[in-house]
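Subject: Structure handover

Hi,

Here is the structure I promised to pass on to you. Have a look at it first, and then read on for what turned up.

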Amino acid sequence: MTGMPCRLGVDIGGTFTDVVLETPAGMVSTKVLTTYAAPEDAIALGMARVCAQAGIGPDEIAQVIHGTTLATNALIERRGARTALVTTEGFRDVIEMRTESRFEQYDLNLTLPEPLLPRNRRYTLRERLDADGGVLIPLDRAEIESLADTLRAGRYESVAVGLLHAYANDAHERLVAEVLAEKLPGVDVSLSSEVSPQMREYERFNTTIANAYIRPLMASYLGRLRDRLAAEGADCPVFLMHSGGGILSLDMAARFPVRLVESGPAGGAIFAAEIAARHGLDRVLSFDMGGTTAKICLIKNRAPRTARVFEVARSYRFKKGSGMPISIPVIDMVEIGAGGGSLAHVDGMNQIRVGPESAGSEPGPACYGRGGERPAVTDADLVLGKLDPENFAGGSIPLSPDRAQAALAAHLGAPLDMGAEEAAYGLAEVVDENMANAARVHAVENGEDLSHYTMIAFGGAAPLHAARLCEKLGVARCLVPQGAGVGSAIGFLRAPFSFEATRSVFTRMRAFAPDEVRALFRDLRAEAESFVRSCDAKAPIAAEAKVFMRYAGQGWEIPVPVPPEDMEAPDAARLQARFEAEYTALFGRTVEGLEAEITVWSVNAFTTRPTPAELTPPETLTEVETSATRPLFDPAQGQRLTARVVARAEMGVGARLTGPALVTEDETTVIVPASREVAVLADGTLDVRLPQTAPAETREKAHV
């Protein structure tokens, strides 16, 4: 083959594994059920399918880019290695004390996630640094050697080292690592000064423990994956998507697996950002709904919002502080247990509840006929007419309407005295309202009004629910791009190689020293670029900087972007002005009389790609006619309507279809309710929108 190299994108989800092959001739994709016991089996099967479709051999694949939920699932399900924590004397219980905040003030039975490590797996050393990194109590090497003997007796596979103020001076942590490497060869050691060199010991310790906890598991999986791909003929470099929206080498991913938390959803956000750039959109709501979860992300100025703390395993769905904090660069999104496999039940108040428990792929929703008996969102979608039982997943997974109806009637209908269809209607409305509410909360937390946003929907289940969410949120447009069913995997192929370096250097604005700031930015840039160069030695690299600032006395910071010119010529007045602008945008005002301060400095280095050219909307629209119809339940009207059915492949650029309608493809179905119409844009993207009046000459009829 000539021209661009063949590249494979693979996204392992809770229900499906999505595989996309990009070749000089175009892109092919498939979805296979995730194989939990050996995830690499599903990857091998999917790779064989797409290679057969493209007419190439696996040996022609030049690069594999992979994202996975395995790291997240291992933390949620507590399936990590036998891990110990080594910390400063007096700080053994930090991860259990947390921040002592009550995220639900009036709940007398407040439930907090248990720490990853019980107290008897947490050990201390007598040492102490001050906040500037100065040594208050020196660390005794003999004490470390004695502790190593204790750790050996405990048969630990992995050790997390988190010492107080190690972000300011890593000498003590490095001494611990040196001694443990000598005394405990073969035991993984994670240092907080490498994993998360940021202030706040609870978040830093917890992140380091999480990295150590999943490191042996992920190293084993990544090694098996590389060997399996080579055995199948794809003996090529393997890269991993990280949570910040870039790509890491396999070796770096094995070293810092905590950065793989949310790697799959990050790929989806990158996919949506590229679609936004292609269509000239500056305010986008990314909506990714798969088999297990739904992810919602705000994209402004064609870039996803980012954060530096992410919570895993929240005990309260929408409550910040109720989960396990992971302090890493991450694309900021809200994730809830609302996917095609999310299970429904009736609670003690006779209300329908959906998720977060999921049927996954084993056994799957009741309609899969694989042993599942409880109703899932997919069962409701089938009963409501959104899915074709004969052509689900391209016909590879036949669905049983009878099983879906029986599950809905038994578990929802019987307790609530309603039929299967009414139960399906209730289930669908609950899950859609859950997602709409999550989007509202996320928007309010970020000071945004969703009525000015355009939704971009992708993932196997999102196009089934996106238009209803738009109705609930007052969003006028929803774009469903080509390849929406495997959007995250496509996003992997569009992501840059990148790495974000961070450092905590507490700085009050009155003590802002331009020369020191310039040197700090240069050090961070060199660190970030060295990681990127390890993945791609030739590509041009750019860098973006930001600082996290607050007013003195406040507990948390906001990100403030730093332009490239200010990295080389820092100026306190310009930075103060940017902070006040960002603060005003978020809170509506500044705080007079308080000094600003910087807590964290960050530089993200990344390989650059050409900016997608903006597309021109079709000048004319052609109304589509089709004789194929199917009954479709429209929740806005509360009744079944006759919907037209059109295959997406048969709709050319400029085609228009008025709802109610269904646009079908192998990997998903786009629902167009009676309140909307759909038009095909220049790149094949479907624009599901409020009806627009077109000139008479554009109403020319075309037959499908």
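Before the helix pairs, one convention is needed: an axis is a line fitted to C-alpha atoms, for a helix over the stretch in contact, and angles between N-to-C directions run from 0 to 180 degrees. Please also keep in mind that this is a predicted model.

**A helix pair**

With that convention, helix α12 (residues 420–445) packs against helix α13 (residues 462–473) at an angle of about 60 degrees, and their axes are 9 Å apart. Angles of 65 to 115 degrees would count as roughly perpendicular and those under 35 as roughly parallel, so α12 is oblique to α13. The crossing of α12 past α13 is right-handed. On the α12 side, the residues that take part are E429, V431, D432, E433, M435, A436, A439 and R440, and they meet H465, R468, L469, K472 and L473 of α13. Sorted by class, this contact holds six nonpolar, one polar and six charged residues.

**Overall picture**

Stepping back, the protein contains 17 helices and 37 strands. Its C-alpha trace spans about 80 × 60 × 55 Å along the principal axes. How does the radius of gyration of the protein, at 26 Å, stand against that of a compact globule? For 704 residues such a globule would come out near 27 Å, so the value agrees.

**The four-stranded sheet**

Another open sheet is built from four strands in the order β6-β5-β9-β10, with parallel pairing. Its edge strands, β6 (122–125) and β10 (188–191), each pair on one side only. Here the twist averages 25 degrees from one strand to the next. Strand β5 (residues 83–88) runs parallel to β6, and four bridges join them. One of the bridge pairs involves T88, whose partner in β6 is L125. Helix α4 (residues 141–153) packs on this sheet and touches β5, β6 and β9 (158–162); its direction makes about 165 degrees with that of β6.

**Two backbone details**

Most peptide bonds are trans, and most residues other than glycine have a negative phi. Which two residues does a cis peptide bond join? They are G659 and P660, with omega at about 5 degrees. P660 is placed in the loop between β32 (655–658) and β33 (661–664). The other detail is R302, a residue other than glycine with a positive phi, near 70 degrees. R302 lies in the loop between β14 (294–300) and β15 (303–304).

Best wishes

Key: Residues are numbered from 1 along each chain as its sequence is written. This is a predicted model: local features need pLDDT of at least 70, side-chain atom pairs count only at pLDDT 80 or more; totals for chains, interfaces and linings use all residues. Side-chain values use heavy atoms; hydrogens and water are left out. Helices (H or I, at least four residues) and strands (E, at least two) are DSSP runs, numbered from the N terminus. Angles under 35 degrees count as roughly parallel, over 145 as roughly antiparallel, 65 to 115 as roughly perpendicular and the rest as oblique. A crossing is left-handed if the near helix is turned anticlockwise from the far one by less than a right angle, and right-handed if clockwise. Contact means heavy atoms within 4.5 Å. Ala, Val, Leu, Ile, Met, Phe, Trp, Tyr, Cys and Pro count as nonpolar, Asp, Glu, Lys and Arg as charged, and the others, Gly among them, as polar. The radius of gyration is taken over C-alpha atoms; the globule rule is 2.2 Å times the number of residues to the power 0.38. Two strands pair if DSSP finds at least two bridges between them.
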